[in-house]
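Please read the following report alongside the sequence and the coordinates.

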Amino acid sequence: MIYFDNSATTQALPEVLDTYRTVSDQFWGNPSSLHNFGESAWHLLEQSRAQIAKLLGVMPSEILFTSGGTEGDNWVLKGTAMEKHAFGKHLITTAVEHPAIRNSMEQLEQLGFDITYLPVDEHGQISIDDLKAAIRPDTILVSVMAVNNEVGTIQPLTKVADVLRDYPKIHFHIDAVQGIGKGIQSMIFNGRVDFVTFSGHKFHAPRGIGFIYAKQGRKIAPLLTGGGQERNLRSGTENLPAIAAMAKALRILLDKEATSIANEQKIKHIISEHIKNFNHVTIFSEDNDQFAPHILCFAIVGVRGETIVHAFEQHDIYISTTSACSSKKHLASSTLTAMNVPENVATSAVRVSLGDQNTLEEAQRFNQVFDQLYAEFKKITD
């Protein structure tokens, strides 16, 4: 099997699962309990928090655990709206965000908030001039993703940060779910960012666990109230086995980051250089530093994306349409639509997303199968 769908989810590493099992077996006390058994669980919770903070160069108090990227995005957007609504009801995001952002913004619109969606160019990148023009006296938040989950565009986060330094009261949020471990940490932790969202299952941790970075001094209202965990900001008994496992997965990810990026870039290059020579192929993820190393989005124009996905599946190669969250809805890519790609082209788009476990041999095998399938599809497209 060749698994090229790592942006949808990654396989939990064996050593990460070992940590999960060990914590489940030996530290199953409630971290909020007063007895020694609960105290040992609490210490492990805080050790995990401290490890994640050290890996990212932030303070342990700035790490708050969640169930994943969707909760983190919802929390930052809606928590900001609840906390700062007295100061303004205008939020800014981009036209190419993940549904966790886009749908949250739509909910806030229904509650009376005003949302500006920044357009993107043909590469899927926003204009800094558009951002400057969109900021108003009542703007309370700007949310820009680090790496687009469909085509891999890296947004100009440092330039956004530079603009927002003149507006210190506006919350600056980055969805970094696709950006962690891709060599852009300095762009993400740029000195101005206030909140960053992460999801464990994108870097070989279990599903259902994630965290946000929340800059000290910045306030958001809690979405989940109850027993007062996570400094009264996110109630609910902590998922300690998954948290400890995620801390280990993050360490492994960042320890081998440079090697993994180089490998992903080579694989992407091999595939991109091969398929670009075919007449009906359109490539949306360019092979340069404005795009993430692990995402390659392309279309065989005239063949629907789901048809391409299932054709590769017959050869034990697993890719996806442009977003796992919407792939079963048979919709055109929202990102490609925002990039003004014609619908007949956008509905043909598929995504290859790479991970550190993928090999150059798998890239060569992919190209061989591509040749075979293209010859079959050519009968349809010609």
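This is a predicted model: local features need pLDDT of at least 70, side-chain atom pairs count only at pLDDT 80 or more; totals for chains, interfaces and linings use all residues.

## Helices

| Helix | Residues | Number of residues | Span, first to last C-alpha | Expected span |
|---|---|---|---|---|
| H1 | 14-26 | 13 residues | 18 Å | 18 Å |
| H3 | 69-84 | 16 residues | 22 Å | 22 Å |
| H9 | 240-255 | 16 residues | 23 Å | 22 Å |

For H1, the span from the first C-alpha to the last is close to the value expected at 1.5 Å a residue, and the spans of H3 and H9 are likewise close to their expected values.

Which residues of H1 are buried, and which are exposed? Val16, Thr19 and Val23 are buried in H1, whereas Pro14 and Asp25, on the other side of the helix, are exposed. Viewed down the axis of H1, the buried residues fall within an arc of 55°, and they therefore line one face of the helix. What these buried residues pack against is helix H2, which runs over residues 36-56, together with H9.

H9 itself is mostly covered, with 13 of its 16 residues buried. In H3, 13 of the 16 residues are buried, so this helix is largely enclosed by the rest of the structure.

## Residues within helices

Ala81 has its place in H3, and with a relative accessible area of 1% it is buried. When neighbours within four places in sequence are left aside, Ala81 is in contact with Leu108, Phe113 and Ile140. Pro119, by contrast, is 38 residues from Ala81 in sequence, and the C-alpha atoms of Ala81 and Pro119 are 22 Å apart in space.

Leu55 lies in helix H2 and counts as partly exposed, at 28% relative accessibility. With neighbours up to four places away in sequence set aside, the contacts of Leu55 are with Ala247, Leu250, Arg251 and Leu254. How far apart in space are the C-alpha atoms of Leu55 and Asp255, given that 200 residues separate them in sequence? The C-alpha to C-alpha distance between Leu55 and Asp255 is 9.5 Å.

## Residues within loops

Ser7 belongs to the loop between strand S1 (2-3) and H1, and at 2% relative accessibility it counts as buried. Beyond its neighbours within four places in sequence, Ser7 is in contact with Gln178, Lys202, His294, Ile295, Arg351 and Ser353. Ala41 is 34 residues from Ser7 along the chain, and the C-alpha atoms of the two are separated by 32 Å.

Not counting residues up to four places away in sequence, Ser285 touches Val151, Lys268, Phe291, Ile295, Leu296 and Cys297. For one of these contacts, Ile295, the separation from Ser285 is 10 residues in sequence and 7.0 Å in space, C-alpha to C-alpha. Ile295 is also among the contacts of Ser7.

His204 has a phi near 70°, which is a positive value in a residue other than glycine, and its place is the loop between strand S7 (195-199) and strand S8 (210-214). Asn340 likewise is not a glycine, yet it has a positive phi of about 65°; this residue is found in the loop between helix H12 (334-338) and helix H13 (343-346). Is each of these residues buried or exposed? His204 is buried, with a relative accessible area of 7%, while Asn340 is exposed, with a relative accessible area of 65%.

## Enclosed space

The model holds two cavities of 30 Å³ or more, and about 170 Å³ of space lies in the largest cavity. Of the 18 residues lining the largest cavity, those closest to its centre are Thr10, Lys182, Lys202, Phe203 and Leu354. Taken by class, the lining of the largest cavity has five nonpolar, nine polar and four charged residues. Lys202, named among the residues closest to the cavity centre, is also one of the residues in contact with Ser7.

How values were computed:
Residues are numbered from 1 along each chain as its sequence is written. Side-chain values use heavy atoms; hydrogens and water are left out. Helices (H or I, at least four residues) and strands (E, at least two) are DSSP runs, numbered from the N terminus. The expected span of a helix is 1.5 Å times one less than its number of residues. Buried means under 20% relative accessible area, exposed over 50%, partly exposed in between (1.4 Å probe, protein chains only). On a 1 Å grid over the protein atoms alone, a cavity is a set of points where a 1.4 Å probe fits but cannot get out, and a pocket is an open set with protein on both sides within 12 Å along at least five of seven lines; lining residues have an atom within 4 Å of a point. Grid points are joined across faces, edges and corners, and a volume is the space filled by probe spheres set on the points. Ala, Val, Leu, Ile, Met, Phe, Trp, Tyr, Cys and Pro count as nonpolar, Asp, Glu, Lys and Arg as charged, and the others, Gly among them, as polar. The arc is that of the directions from the helix axis to the C-beta atoms. Contact means heavy atoms within 4.5 Å.
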